[in-house]
Amino acid sequence: MNAQLNFDRDQLKEKGIVSENCNCSVYSMITVAGGILLAVGTVIYSLIAM
């Protein structure tokens, strides 16, 4: 599984999607994006529910 992920990461580096110095994993980026969306959704819901 690691070989497949490394191969995909190398392809993404060649295409310029992922920088070579990026130490973030895809899972951590998805978690951060999910947390931001959850916070924004909570704020919007509280404004609607007022």
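Colleague: What percentage of the residues of the protein chain count as buried?

Modeller: Buried means under 20% relative accessible area, exposed over 50%, and partly exposed in between, with a 1.4 Å probe and protein chains only. Here 2% of the 50 residues count as buried. This is a predicted model: local features need pLDDT of at least 70, side-chain atom pairs 80 or more, while totals for chains, interfaces and linings use all residues. Numbering runs from 1 along each chain as its sequence is written, and side-chain values use heavy atoms, leaving out hydrogens and water.

Colleague: How many helices and strands are there?

Modeller: Both are DSSP runs, numbered from the N terminus: helices are H or I, at least four residues; strands are E, at least two. This chain has two helices and zero strands.

Colleague: How many residues of helix 2 are buried?

Modeller: Zero of its 24, so helix 2 lies largely in the open. Ile44 sits in helix 2. Its relative accessibility is 45%, so Ile44 counts as partly exposed.
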